[in-house]
Amino acid sequence: MMKIEEIQQFGKEQLETAVASASTFHNGVQAIATTVGDYTKKSFEDGNAFVEKLAGVKSLDKVIEAQTEYAKSAREHFVAESQKVAGLYADLAKQAFKPFEGLVTKMTPGR
């Protein structure tokens, strides 16, 4: 049978673990939001620069060349940022649940 002190200590540990996990989760979500916001801003600026460049083009060949360059650049940036955000989500999941590993070990019979 568990003593009151053990129950209180276990409850305290659970609370501390939940607070640590919430803090980690908050920081991870904030990092993701910042990354996505920065990408959105850069994408918007690149799109505006492309439109300005396109407005100054006089021949169809140059229009096609400019559009091809823009599409290639936009795709490369999108893929790179997508991989970066995916990595941030993976790190978030690992870090947010890491504090709970100790509690699971304590609660598992036979360990």
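The model is predicted: local features need pLDDT of at least 70, side-chain atom pairs count only at pLDDT 80 or more, and totals for chains, interfaces and linings use all residues. Residues are numbered from 1 along each chain as its sequence is written, and side-chain values use heavy atoms, with hydrogens and water left out.

**Overall architecture**

The chain contains 3 helices and 0 strands, in the order α-α-α from the N terminus. Helices (H or I, at least four residues) and strands (E, at least two) are DSSP runs, numbered from the N terminus. Of the 111 residues in the chain, 12% are buried, where buried means under 20% relative accessible area, exposed over 50% and partly exposed in between, with a 1.4 Å probe and protein chains only. The accessible surface comes to about 8,700 Å², and carbon and sulfur atoms account for 62% of that area; areas follow the Shrake-Rupley method with a 1.4 Å probe, and for residues only the protein chains shown count as cover. Contact means heavy atoms within 4.5 Å. Among contacts between residues at least 6 apart in sequence, 79% join residues at least 24 apart.

The buried residues of helix 1 are Glu13, Thr17, Ser21, Gly28, Ile32, Thr35, Gly47 and Phe50. In helix 2, Ala66, Val85, Leu92 and Ala96 are buried, and helix 1 is included in what covers them. An α-helix has 3.6 residues a turn, so residues three or four places apart point the same way.

Thr35 belongs to helix 1 and counts as buried because its relative accessible area is 10%. Beyond its neighbours within four places in sequence, Thr35 is in contact with Glu81, Lys84, Val85 and Leu88. Thr35 and Leu88 are 53 residues apart along the chain, yet their C-alpha atoms are separated by 9.2 Å.

Ala33 also lies in helix 1, but Ala33 is partly exposed because its relative accessibility is 49%. Its C-alpha atom is 9.2 Å from that of Val85, at a sequence separation of 52 residues.

**The largest pocket**

A 1 Å grid over the protein atoms alone defines a pocket as an open set of points where a 1.4 Å probe fits, with protein on both sides within 12 Å along at least five of seven lines; lining residues have an atom within 4 Å of a point. The largest pocket has a volume of about 290 Å³, the volume being the space filled by probe spheres set on the points, which are joined across faces, edges and corners. Its lining consists of 16 residues, and Lys42, Asp46, Tyr70, Ser73 and His77 lie nearest the centre. Helix 1 (4–55) and helix 2 (60–97) are the elements that give two or more residues to this lining, with helix 1 providing the largest share, 9 residues. By class, the lining comprises 6 nonpolar, 4 polar and 6 charged residues; Ala, Val, Leu, Ile, Met, Phe, Trp, Tyr, Cys and Pro count as nonpolar, Asp, Glu, Lys and Arg as charged, and the others, Gly among them, as polar.
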